[in-house]
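This briefing sets out the main features of the structure displayed below. The points are grouped by topic for reference during modelling work.

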Amino acid sequence: MFKKFSPTADVSSQSLLKSSVQRQVRSALLAQYPALAADQGVLLEQIWPKKEAVSLLKWSDELFREHISIYALQGEPLFFQQYDGPLMPSLRLLHKYPDLLPHVQVDRGAIRFLLAGAHMMCPGFTSAGGRLPPKESGLPAGAPVAIHCEGKEHASAVGITKLSTEEIKSLNKNVGVELVTYLGDDLWTNPKLL
């Protein structure tokens with residue numbers, strides 16, 4: 001998604017969010033991420049203080065037909081959203097707060113493909129170095145996940161599951177997780193957008 005993104009050239013509009021819109025986005029985040037809602041939203045308050053002005057940056061890529069909204073606090077991207085899809089945390093935010101998203105892990109063989117921006121195939125999760133959540137805490141298709149690499153401490157990418165975790169285990173072929181942002185993409189290399 002952010003393979004060819006330049007904040008100075010690609011951001012089509014930039015504006016400060018009204019407080020009513022901020023409340024809507026914050027309530028959507030609390031509904032989507034249970035970790036943010038714990039302890040009456042203390043974690044969300046740390047990430048995005050109520051009194052802070054948050055900017056909305058809109059990016060439209062006509063070539064790939066992507067319309068992305070990026071929510072930034074003091075220029076640092078916090079969350080982004082494609083069309084009306086789920087709000088996704090930036091990878092830098094995920095490194096600060098690693099328990100925002102459920103974790104999946106790919107084996108060492110998939111690392112070079114992940115860092116090149118390829119979608120993750122099912123065998124990368126089901127092989128010896130890969131890891132998926134157990135059956136009782138399985139994830140449905142369309143769930144945002146943090147993708148970790150075997151032997152690495154922090155998440156290397158953020159993605160959306162194309163299949164449920166049980167389908168990934170049983171089918172063991174095709175794309176299992178579609179990458180949204182990863183280490184080294186243009187959202188990662190631009191820590192400040194404003």
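Two strands pair if DSSP finds at least two bridges between them. On that basis, five bridges join β8 to β9, and the two strands run antiparallel. The model is a predicted one.

- An open sheet is formed by five strands in the order β6-β8-β9-β10-β7, and its pairing is mixed.
- The edges are β6 (103-106) and β7 (120-121), each of which pairs on one side only.

**The sheet: pairing, strand by strand**

- Strand β8 (residues 144-149) pairs with β6 in the parallel sense over four bridges; here Val106 stands opposite Cys149 in β8.
- Between β8 and β9, where the sense is antiparallel, His148 has Ala155 in β9 as its bridge partner.
- The hairpin of β8 and β9 has five residues between the strands, and within this hairpin Gly151 takes a positive phi near 85°.
- Strand β9 (residues 155-161) is joined to β10 by five bridges, and these strands run antiparallel.
- The pairing of β7 with β10 is antiparallel and comprises two bridges; Met120 has Val177 in β10 as its bridge partner.

**The sheet: burial**

- Strand β9 is mostly covered, with six of its seven residues buried.
- Strand β10 (residues 175-182) is likewise mostly covered, and six of its eight residues are buried.

**Helix α2**

- Helix α2 (residues 19-32) has 14 residues, which should span 20 Å at 1.5 Å a residue; the end C-alpha atoms are 20 Å apart, in agreement with that expectation.
- The buried residues of α2 include Gln22, Val25, Arg26 and Leu29. These residues cover an arc of only 100° around the axis, and therefore lie on the same side of α2.
- Arg23, Gln24 and Ala31 are exposed residues carried on the face of α2 turned away from its buried side.

- Arg92 is found in helix α4 (residues 91-96).
- Arg92 counts as partly exposed because its relative accessibility is 27%, and partly exposed covers values between the 20% limit for buried and the 50% limit for exposed.
- The charged end of Arg92 sits over the ring of Trp188, at 4.1 Å from the ring centre.
- Apart from neighbours within four places in sequence, Arg92 is in contact with Trp188 and Pro191.
- Pro77 is 15 residues from Arg92 in sequence, and the two are 8.3 Å apart in space, C-alpha to C-alpha.

- Thr165 lies in helix α7 (residues 165-171).
- The relative accessible area of Thr165 is 1%, so the residue is buried; the cut-off for buried is under 20%.
- Apart from neighbours within four places in sequence, the contacts of Thr165 are Leu132, Pro133, Gly138 and Leu139.

**Aromatic pairs**

- One aromatic pair is found in a search of the whole structure.

Note on methods. Residues numbered from 1 in each chain as written. Predicted model: local features only at pLDDT ≥ 70, side-chain atom pairs only at ≥ 80, totals over all residues. Heavy atoms only, no water. Expected span 1.5 Å × (residues − 1). Buried < 20%, exposed > 50% of the residue type's maximum accessible area, 1.4 Å probe, protein only. Arc of directions from axis to C-beta. Contact = heavy atoms within 4.5 Å. Phe/Tyr/Trp six-rings, centres within 6.5 Å; stacked < 30°, edge-to-face > 60°. Lys NZ or Arg CZ within 6 Å of the ring centre and 35° of its normal.
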